[in-house]
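Me: I am new to this structure and would like to learn how to read it. Please take me through a few features, with the general idea before each case.

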Amino acid sequence: MLKSLALATTLAIGAFALPTVSVAQSADVVVTLTGVQDRGGHALASLSTESTFMRGQGEYSARVAVASAGTLTLTFEDVAPGDYALMVMHDANDNGEFDMAPSGMPGEGFAFSSGGAPLMGPPAFSLLKFTVGSEDVSITESMTYF
């Protein structure tokens, strides 16, 4: 009995000495947009997984007023680990839509992660994706205006 109690105590103490397995934690994604033009309105941004990419708002969204030209910073807080694509629209007229010019070119500014502005056609998730782990992520992207 004394021997089994000693063995149980040793096992219990040993269990506390085992390394702990860390569970993936969320991180912040800080996006710096350069080349923002002073057109008023808001910058609308979203982080999407492959399953939600180009299908609505995405898993995380941010909205920041555009008060002047230059640089703008958006922060997505507590982003779960995984692969994401960033899409940004400068909604200058605050209508919630990405307006096109009569020429068929975008009428409002935009940006994508990984510098992935497509020359023709819609963007591809595989070209825009970046990975979020447990460490904060900083991204700098340039706005495109036509």
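Reply: Start with accessibility: a residue is buried under 20% relative accessible area, exposed over 50%, and partly exposed in between, using a 1.4 Å probe and protein chains only. The model is predicted, so local features need pLDDT of at least 70 and side-chain atom pairs count only at pLDDT 80 or more, while totals for chains, interfaces and linings use all residues. Residues are numbered from 1 along each chain as its sequence is written, and side-chain values use heavy atoms, with hydrogens and water left out.

Me: Is Ser114 buried, partly exposed or exposed?

Reply: Ser114 counts as partly exposed because its relative accessibility is 44%. Helices (H or I, at least four residues) and strands (E, at least two) are DSSP runs, numbered from the N terminus. Ser114 lies in the loop between β6 and α2 (125-128). Its phi is positive, about 60°, although Ser114 is not a glycine.

Me: Which loop holds Asp94?

Reply: Asp94 is in the loop between β5 and β6 (110-112). Asp94 is not a glycine, yet it has a positive phi of about 50°. With 39% relative accessibility, Asp94 is partly exposed.

Me: What does Thr49 contact, leaving aside its neighbours within four places in sequence?

Reply: Contact means heavy atoms within 4.5 Å. On that basis Thr49 is in contact with Glu59, Asp83, Tyr84 and Phe125, its neighbours within four places in sequence being left aside. Thr49 is buried, at 19% relative accessible area, and sits in the loop between β2 (42-48) and β3 (60-65).

Me: How many bridges does β2 form with β3?

Reply: Two strands pair if DSSP finds at least two bridges between them. β2 and β3 are antiparallel and have 6 bridges; there, Leu44 has Arg63 of β3 as its bridge partner. β2 is also joined to β5 (residues 82-91), again antiparallel, by 7 bridges, with Ser46 opposite Met87 in β5. Of the 7 residues in β2, 6 are buried.

Me: Which residues touch the most other members of the largest nonpolar core?

Reply: A nonpolar core is a set of buried Ala, Val, Leu, Ile, Met, Phe, Trp, Tyr and Cys residues joined through side-chain atoms within 4.5 Å. The largest has 24 residues, and Val29, Leu33, Leu47, Phe76, Leu86, Phe130 and Val132 touch the most other members. β1 gives this core its largest share, 5 residues. A second, separate core has 7 residues, including Met87 and Phe125.
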